[in-house]
Amino acid sequence: MTGELAQLINLITQYNYGQIESDLYNNNSTYQYCNILKFVCFKKKFFGGYKEVEIASSTNEWFQYLRNEKIERLLLVFRPDNSMDLDHKLAGMVGGGGNWFIEAKHSNFSDFWQPKWEVKPNKKDSDNRIWNITYGLTIPKQKHFNHPVYDLKYQREKLYKALTEIADFAASNDNTSGWKKTFNNAKSALEDISPSIEYHMDLVPVDSLPIENFQLLIAASKSFVFGGMGSWNDIGWFKDEELTKRYDEVSAELYQVMNESIIAAVNENKKRA
């Protein structure tokens, strides 16, 4: 899973669960490489154009802003791109693989926030905080997003099927056989009574998701094999044209189902009692 997506999931589940006072910048792993974190809106200039106006410089300030704006909950939104290449092939790049948004849902409208990650000019930093991250209120006061309706049981079955197909493909070829274990581990998370991920163990607040949702989220997280060097995407080619075609098919299918599963799991979170 990319750092950008992990942070979006964390922001959404933290707010929806009611943990708005948390200092996430210092206390959560999804912010460990963050140098500057800010939340901005855009105001029209008198002589035309727009200027950036900072709303908050920390997660708890932003959460309080949302609370003051009477935002009822946050939701994860994904919009495919595919303008340059298939999304799964670009998923490991910053800004690649499609566009992720946060929908801040008011009873009468929705605001849409989009993250922008930029490497800070001087990357020489002992604590590896090299990213300047801005969440921009890019689309304010719109109609509520028409979210797909996911049946959680069916979505779990769909992810299991996609993982089975790509695991079978991996096992049938010498240069991909080592990946079978990765895909099978992702499948196992769907039945694990206490699923966990090795990275971002604090991805969501404890008990913020029903177990079925949490299993689906962890399985989808373990399915995120799309990146740069050393990733599933790095395999790139096969001598046989039909194998290459099948590789692209199972990869694209898993990427789509994986994203659907993440959305289904995260958007069905619950408020802390």
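**Strand pairing and salt bridges in a predicted model**

Cysteine 34 has tryptophan 131 as its bridge partner in strand E6. This is a predicted model, in which local features need pLDDT of at least 70 and side-chain atom pairs count only at pLDDT 80 or more, while totals for chains, interfaces and linings use all residues. Residues are numbered from 1 along each chain as its sequence is written, and side-chain values use heavy atoms, with hydrogens and water left out.

The protein has 8 helices and 6 strands; helices (H or I, at least four residues) and strands (E, at least two) are DSSP runs, numbered from the N terminus. Their order from the N terminus is α-α-β-β-α-β-α-β-β-β-α-α-α-α.

Strand E1 (residues 34-44) runs parallel to strand E6 (residues 131-142), and 6 bridges join them. Two strands count as paired if DSSP finds at least two bridges between them. E1 also pairs with strand E2 (residues 50-56), here in the antiparallel sense and over 6 bridges. Within E2, glutamate 52 stands opposite phenylalanine 42. E1 and E2 form a hairpin with 5 residues between them, and glycine 48 in the turn has a positive phi of about 100°.

Of the 273 residues, 46% count as buried. Buried means under 20% relative accessible area, exposed means over 50%, and partly exposed lies in between (1.4 Å probe, protein chains only). Among contacts (heavy atoms within 4.5 Å) with a separation of 6 or more, 69% are between residues 24 or more positions apart.

Side chains of opposite charge can pair when their charged atoms come close. The structure holds 6 salt bridges, each a side-chain nitrogen of Lys or Arg within 4 Å of a carboxyl oxygen of Asp or Glu. One of them joins lysine 158 and glutamate 260, at 3.1 Å from N to O. Lysine 158 lies in helix H5 (residues 152-171) and glutamate 260 in helix H8 (residues 241-266), so the pair ties together parts that are 102 residues apart in sequence. Lysine 158 is partly exposed at 22% relative accessible area, whereas glutamate 260 is buried at 13%.

Another salt bridge links lysine 161 and glutamate 165, with the closest N and O atoms 2.8 Å apart. Both residues lie in helix H5, 4 residues apart, about one turn of the helix. Lysine 161 is exposed at 51% and glutamate 165 partly exposed at 27%.

In helix H8, arginine 246 and glutamate 249 are 3 residues apart, about one turn of the helix. Their side chains meet in a salt bridge of 3.4 Å, N to O. Arginine 246 is partly exposed at 33%, and glutamate 249 is partly exposed at 37%.
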